[in-house]
Amino acid sequence: MLKRKKNAYLQHQNSNAMVTRYKIKTLTEFVIERQSEYPHAKGALTRLLNDIATAAKIVNREINAAGLVDILGTVGSTNIQGETQKKLDVYANDMFITMLKGGGECCAIASEENEKVISFQNNIAELGKYVVAIDPLDGSSNIESNVSIGTIFSIYRRKSEIGLGTLEDLLQPGVNQVAAGYIIYGSSTMLVYTTGKGVNGFTLDPSVGIFCLSHPDMKFTETGNIYSINEGNYVYFPEGIKKYIKYLQEEDKCTLRPYTSRYIGSLVADFHRNLIKGGIFLYPGTRKNPSGKLRLLYECNPIAFIAEQAGGKASDGFNRIMEIQPKTLHQRAPLITGPRKMVEKAEEYMRNFSPKMEHSPMPTEEE
Ligand code: P6P
């Protein structure tokens, strides 16, 4: 009798486990559910996030097909950065702009691929309340080598009242972001985003074209043992970074050193791995480029928002990234981001060995 009861219980548990295992929450369900946490939300941000997710699915399809059709080659033109534009770069940029313009919730876009702000006129008053800064296909130089690449986006409320979005609407410090995230086109395609209440990751099920919640409430580990930096620039690094790297490479069992070096050269892929496994990412200012390489509006700020919401930190070596007041659309900023304790150790080395870097020259548009 007891054995029959036990078997019946186990069968009941297994059937529940089956249901639980397959009870998925979609991105759409999640965003709508979370919308209720914002009393004044009328659904505009929800629709904007879904517009971005839809564009990402379409870009994902083209990236996966890229190896099969002749869109790996360059399109010949160059973007604002002076980089040769890959056809996928252009395709992704066009797709996100089209979706954001068509969705009606956005009145202006700053894109890595466009020199100036792209503004839209919304004739319906309650539309166009947001602006978006976006790197439509970051790391695209890795496309031919089939390395994971990404889209990085940042969403702000517009400051102007009505009409076309303006440059001032885009030149807001990162603390004003209402949402930020990235899509990583890798072995699986994931959308990771925050609206200021934690970080959640959604994996695309390509068979049905749905982003499913796979990584709820993502957090950095308290510290990690991975460091990501392009050591090919070592000779140009400030003394503080040089000494920090040597600190990471010393043997010390108590602090898990020497750390492991991992660097792909694709910001979204490097950052995402470090968020999952615990590690610090550094793209510092150098003797050659005191403001570093990464762009404040659509690389540093969105990554910084995610990092802080995941319990980590993001600085330029001295100051919080999200408190930098942008002066130009494509300005660069040094970026050090990861678990709080790791970033603070790097900042300690910068303060002690490269204090003069704190007030490096203000970036210019040409940079
Ligand atoms: P480097 C890609 O071009 C990118 O903007 C980021 O995705 C990446 O982190 C960085 O540049 C890599 O730069 O100089 O190490 O090749």
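Modeller: Let's begin at strand β5, where Tyr130 is the bridge partner of Cys106. Please keep in mind that this is a predicted model, in which local features need pLDDT of at least 70 and side-chain atom pairs count only at pLDDT 80 or more, while totals for chains, interfaces and linings use all residues. Residues are numbered from 1 along each chain as its sequence is written, and side-chain values use heavy atoms, with hydrogens and water left out.

Strand β5 (residues 130–138) pairs with strand β3 (residues 106–111) in the parallel sense, over five bridges; strands count as paired if DSSP finds at least two bridges between them. Both helices (H or I, at least four residues) and strands (E, at least two) are DSSP runs numbered from the N terminus. A further bridge partner in β5 is Ala133, which belongs to Ala110. With β6, strand β5 pairs in the antiparallel sense over seven bridges, and there Asp135 stands opposite Ile152. Nine of the nine residues of β5 are buried, so the strand is largely enclosed by the rest of the structure. Buried means under 20% relative accessible area, with exposed over 50% and partly exposed in between, for a 1.4 Å probe and protein chains only.

Stepping back, the open sheet has eight strands in the order β4-β3-β5-β6-β7-β8-β9-β10, with mixed pairing. Its edge strands, each pairing on one side only, are β4 (118–119) and β10 (210–215). Packed on this sheet is helix α7 (residues 267–277), which touches β5, β6 (149–157), β7 (179–185), β8 and β10. The direction of α7 makes about 100 degrees with that of β7. Contact means heavy atoms within 4.5 Å; axes are lines fitted to C-alpha atoms, for helices over the stretch in contact, and angles run from 0 to 180 degrees between N-to-C directions.

Now for the side chains. The largest nonpolar core has 41 residues, and those with the most contacts inside it are Leu137, Ile155, Tyr185 and Tyr193. Such a core is a set of buried Ala, Val, Leu, Ile, Met, Phe, Trp, Tyr and Cys residues joined through side-chain atoms within 4.5 Å. Helix α3 (residues 44–66) gives the largest share of this core, eleven residues. A second, separate core of 31 residues includes Met218, Phe271, Ala304 and Met322.

Tyr193 brings us to the rings. The structure holds eleven aromatic pairs, where rings of Phe, Tyr and Trp (its six-membered ring) pair if their centres lie within 6.5 Å, and planes under 30 degrees apart count as stacked, over 60 as edge-to-face and the rest as tilted. One of these joins Phe30 and Tyr193 edge-to-face, at 6.4 Å centre to centre and 90 degrees between the planes. Phe30 lies in helix α2 (residues 27–35) and Tyr193 in strand β8 (residues 189–194), so this pair ties together parts that are 163 residues apart in sequence. Phe30 counts as buried at 4% relative accessibility, and Tyr193 does so at 5%. Tyr244 and Tyr247, in turn, are stacked, because their ring centres are 6.3 Å apart and their planes are at 25 degrees. These two tyrosines, Tyr244 and Tyr247, sit three residues apart in helix α6 (residues 239–249), separated by about one helical turn. Ring pairs link Tyr244, Tyr247, Tyr349 and Phe353 into a cluster. Lys243 lies over the face of Phe353, at 5.3 Å from the ring centre; the test is NZ of Lys or CZ of Arg within 6 Å of the ring centre and within 35 degrees of the ring normal.

Finally, there is an open sheet of five strands, β12-β11-β13-β15-β14, with mixed pairing. Here the edge strands are β12 (260–261) and β14 (312–315), each pairing on one side only. Strand β11 (residues 226–228) runs parallel to β12, joined by two bridges, and Tyr227 stands opposite Ser261 in β12. Helix α9 (residues 340–353) lies across β11, β13 (279–283), β14 and β15 (335–339), running at about 140 degrees to β15.
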